[in-house]
Amino acid sequence: MRLLSDQPSDSGEASTRGRVFAYRQALGRASRNRVVCQVGLGKLPLWLMALRSGARRVYCIDADRLALQAAQALAIRQGFGRDQLLLLEGLVREVSPPEPFDIIVSEPFHHLGLQSHIGRTLSHARRHFLKPEGLFIPSRVTCYAALASPKAWRTYVDSQRDDVAGLVGLTPS
């Protein structure tokens with residue numbers, strides 16, 4: 001899975017669109033009749049992409065109870081049952097999933113690049129929760145960094161506040 005858009009761009013929106021497209025494509029090919037887990041809810045509802053792609057079940061692991069409840073409510077509004085989206089509240093090292101996963105998916109990006117703890121978190125999930133023949137999405141990440149002026153940085157951060165609901169096929173409620 002390639003997380004960079006095919007067209008290089010200075011725009012945060014373009015890179016978000018590229019990531020959403022890459023995730024949607026990867027989950028669309030791999031999720032049907034599989035058990036999927038999203039580690040960390042983050043900004044993109046990858047769990048929803050997996051369910052829409054025919055996943056048998058999707059688990060979400062996150063320490064934020066409100067985020068998990070919001071995901072469950074959205075799943076129900078989208079027509080999915082409570083048995084299709086299962087919530088595991090806590091840090092990855094604290095939860096015990098009831099079954100191994102065919103696919104683990106995560107959106108490891110933060111407005112500063114990769115989240116500082118994400119490597120250890122995803123490594124633990126892979127070792128303890130993923131089936132031996134399972135898939136990890138993304139399988140690799142390339143992160144670029146450059147120095148920016150405070151004004152350019154503020155413009156970038158502001159651009160990341162855009163709602164990605166339209167990119168994943170949701171209409172505002």
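A: Leaving aside neighbours within four places in sequence, Ser106 is in contact (heavy atoms within 4.5 Å) with Tyr23, Val39, Leu46, Ile118, Leu122, Ile137 and Pro138. This is a predicted model, in which local features need pLDDT of at least 70 and side-chain atom pairs count only at pLDDT 80 or more, whereas totals for chains, interfaces and linings use all residues. Residues are numbered from 1 along each chain as its sequence is written, and side-chain values use heavy atoms, with hydrogens and water left out.

Ser106 is placed in the loop between S4 and S5; helices (H or I, at least four residues) and strands (E, at least two) are DSSP runs, numbered from the N terminus. With a relative accessibility of 1%, Ser106 counts as buried; the term means under 20% relative accessible area, while exposed means over 50% and partly exposed lies in between (1.4 Å probe, protein chains only).

Glu107 is found in that loop too, between S4 and strand S5 (109-110). Its relative accessible area is 7%, so Glu107 is likewise buried. The side chain of Glu107 makes a polar contact with the side chain of Arg19, at 2.6 Å. A polar contact is a pair of N or O atoms within 3.5 Å; within protein, one must be able to donate a hydrogen and the other to accept it, and residues adjacent in sequence count only if both atoms are side-chain atoms.

Ile118, one of the partners of Ser106, belongs to helix H4. Ile118 is buried at a relative accessible area of 10%. Ile118 and Pro108 are ten residues apart in sequence, and their C-alpha atoms are 6.4 Å apart in space.

Helix H4 (residues 118-129) lies across strand S1 (35-39), S2, S4 and S7, and runs at about 150 degrees to S7. For such angles, axes are lines fitted to C-alpha atoms, for helices over the stretch in contact, and the values run from 0 to 180 degrees between N-to-C directions.

Five strands form an open sheet in the order S3-S2-S1-S4-S7, with parallel pairing; two strands pair if DSSP finds at least two bridges between them. Strand S3 (85-89) and strand S7 (130-137) stand at the edges with a single partner strand each, so one side of each is left without a neighbour in the sheet. From one strand to the next, the twist averages 25 degrees. Strand S4 (residues 101-105) and S7 pair in the parallel sense over four bridges, and Val105 stands opposite Ile137 in S7. Elsewhere, helix H3 (residues 65-77) lies across strand S2 (57-62) and S3, running at about 175 degrees to S3.

For the chain as a whole, there are five helices and seven strands, arranged along the sequence as α-β-α-β-α-β-β-β-β-α-β-α. Of the 173 residues in the protein chain, 43% are buried. Among contacts with a separation of 6 or more, 68% are between residues 24 or more positions apart.
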